[in-house]
Amino acid sequence: MSDEMTYEKAVARLEEILALLEKNKTSLDESIKLFEEGTKLTAFCRDKLENAKQKITEISKD
């Protein structure tokens with residue numbers, strides 16, 4: 001994952017991957033690669049959201 005990856009870019013890429021997979025026009029190998037990329041992007045987004053949640057909780061305590 002690129003150091004320049006943002007939550008917004010990851011979500012946009014996930015939307016692209018979903019659209020490609022929904023069209024059923026990719027080979028099995030390509031579908032597996034897209035699925036793998038999507039899984040990594042989902043984990044990246046989950047981590048970003050968890051970090052944001054923690055920061056909000058910390059700020060709210062003050």
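Tutor: The expected span of a helix is 1.5 Å times one less than its number of residues. The model discussed here is predicted.

Student: How many residues has H1, and what distance does H1 reach from its first C-alpha to its last?

Tutor: H1 has 17 residues, for which 24 Å is expected at 1.5 Å a residue.

Student: What span should the residues of H2 have, and how far apart are its end C-alpha atoms?

Tutor: H2 has 34 residues, and at 1.5 Å a residue these should span 50 Å. The computed separation of the end C-alpha atoms agrees with this, being 49 Å.

Student: Which residue follows H1, and what is its phi?

Tutor: Most residues other than glycine have a negative phi. The residue that follows H1 has a positive value instead. Its place is in the loop between H1 and H2. This residue is Asn 24, with phi near 55 degrees.

Student: Is Asn 24 buried or exposed?

Tutor: The relative accessibility of Asn 24 is 66%. Exposed requires a value over 50%. Asn 24 therefore counts as exposed.

Student: Are H1 and H2 roughly parallel or roughly antiparallel to each other?

Tutor: The two helices pack at an angle of about 150 degrees, with their axes 9 Å apart. Angles over 145 degrees count as roughly antiparallel. H1 and H2 are therefore roughly antiparallel.

Student: In what kind of crossing does H1 pass H2, and which residues of H2 make the contact?

Tutor: The crossing of H1 past H2 is left-handed. On the H1 side, the contact is made by Tyr 7, Ala 10, Val 11, Arg 13, Leu 14, Ile 17, Leu 20 and Leu 21. On the H2 side, the residues are Ser 31, Leu 34, Glu 37, Gly 38, Leu 41, Thr 42, Phe 44, Cys 45, Lys 48 and Leu 49.

Student: Against which element do the buried residues of H2 pack?

Tutor: The buried residues of H2 are Ser 31, Leu 34, Gly 38, Leu 41, Phe 44 and Cys 45. The element against which they pack is H1.

Student: Which element gives the largest share of the largest nonpolar core?

Tutor: This core has 7 residues: Met 5, Ala 10, Ile 17, Leu 34, Leu 41, Phe 44 and Cys 45. Two or more of them come from each of helix H1 (7-23) and helix H2 (28-61). The largest share, 4 residues, comes from H2.

Student: Which residues does Ala 10 touch, not counting residues up to four places away in sequence?

Tutor: Ala 10 belongs to the largest nonpolar core. With residues up to four places away in sequence not counted, Ala 10 touches Met 5, Leu 41, Phe 44 and Cys 45.

Student: How far apart in space are Asp 47 and Tyr 7, C-alpha to C-alpha?

Tutor: Asp 47 is found in helix H2, and at 49% relative accessibility it counts as partly exposed. Asp 47 and Tyr 7 are 40 residues apart in sequence. In space, their C-alpha atoms are apart by 9.6 Å.

Student: What distance separates the C-alpha atoms of Glu 58 and Lys 48?

Tutor: Glu 58 is found in helix H2, and at 52% relative accessibility it counts as exposed. Glu 58 and Lys 48 are 10 residues apart along the chain. Their C-alpha atoms are separated by 15 Å.

How values were computed. Residues numbered from 1 in each chain as written. Predicted model: local features only at pLDDT ≥ 70, side-chain atom pairs only at ≥ 80, totals over all residues. Heavy atoms only, no water. Core = buried A, V, L, I, M, F, W, Y, C linked by side-chain atoms within 4.5 Å. Buried < 20%, exposed > 50% of the residue type's maximum accessible area, 1.4 Å probe, protein only. Contact = heavy atoms within 4.5 Å. Axes fitted to C-alpha atoms, helices over the stretch in contact; angles between N-to-C directions. Parallel < 35°, antiparallel > 145°, perpendicular 65-115°, else oblique. Left-handed = near helix turned anticlockwise from the far one by under 90°.
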